Amino acid sequence: MSLVDALLSLPAEGELWIILAYVGGVLLGARAVEALARVHFARARRHGERGFEYVEAEDHYECPEGERLSLHVLDEANRLAVYRAPASTCNNCPLKGACTPHDEGRHLFRSLAGWAETDVGRFHQRLSALMFGAGAVLASAGMWRWGGQPGTGLLLVALLGCLGHLARDVRRMGPFRPASREPQ
């Protein structure tokens, strides 16, 4: 069988089909894990702000009862802004029981970092890069084992797909920067 025929034909062995299915599953799974993490991050942000409206022009939140939550702390190192309502207003509010459990007023935390800049985002980006690397190793092993046989073209496509996604993820992540862990 010529190399062109091997590149263009479908695999004949069941093991090769299993490898191709696994690599395809890894490619899809890596992107699905990252997409689900992004969705969860956005959902958590919305849940934390539920009922409160952020007024960007004035950099404050407004609660459902119309009270203003002003910027209380700006933590540049952790890229976090904390907004707080006056305790006296919250303690007399009819919604207090559903809004805040303590007597210091409602606090809202707003991340100033995008998803990819958070510990969770970096973790999931590295996880998907690891999955693409594993897929590339598996496709390479398949190329070594079944090179020149029917299905080689699909292994080559799988290998190039893994390497392309891996290169994109590594370029997008930038240099490794461990999260700062300063005592509080």
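K96 counts as buried because its relative accessibility is 16%, where buried means under 20% relative accessible area, exposed over 50% and partly exposed in between (1.4 Å probe, protein chains only). K96 still has a charged partner: it forms a salt bridge with D103, with the closest N and O atoms 3.6 Å apart. A salt bridge here is a side-chain nitrogen of Lys or Arg within 4 Å of a carboxyl oxygen of Asp or Glu. D103, at a relative accessible area of 54%, is exposed.

A quick word on the ground rules. This is a predicted model, so local features need pLDDT of at least 70 and side-chain atom pairs count only at pLDDT 80 or more, while totals for chains, interfaces and linings use all residues. Residues are numbered from 1 along each chain as its sequence is written, and side-chain values use heavy atoms, with hydrogens and water left out.

Back to the charges: the structure holds eight salt bridges. Side chains of opposite charge can pair when their charged atoms come close. One of the pairs is R110 with D59, at 3.5 Å from N to O. R110 sits in strand β5 (residues 107-111) and D59 in the loop between β1 (53-55) and β2 (60-62), so this pair ties together parts that are 51 residues apart in sequence. Strands and helices are DSSP runs numbered from the N terminus (E, at least two residues, for strands; H or I, at least four, for helices). D59 counts as partly exposed, with 27% relative accessibility.

Then there's D169, which is buried with a relative accessible area of 0%. D169 forms a salt bridge with R168, their closest N and O atoms being 3.8 Å apart, and R168 is partly exposed at 38%. Salt bridges that share partners join R31, E34, R38, R168 and D169 into one network.

D169 is also among the buried residues of α6, along with T152, G153, L155, A158, L159, C162 and M173. How far apart are the end C-alpha atoms of helix α6? They are 31 Å apart, which agrees with the 32 Å that its 22 residues (152-173) should span at 1.5 Å a residue; the expected span is 1.5 Å times one less than the number of residues.

Last stop, the surface. L10, W17 and L154 make a nonpolar patch of about 300 Å². Patches like this take residues with over 30% relative accessible area and no salt bridge, joining nonpolar side chains (Val, Leu, Ile, Met, Phe, Trp, Tyr) within 5 Å and like charges within 9 Å. L10 is found in the loop between α1 (3-8) and α2 (14-48), and at 58% relative accessibility L10 counts as exposed.

Conventions
Areas by Shrake-Rupley, 256 points an atom, 1.4 Å probe, with all protein chains shown as cover.
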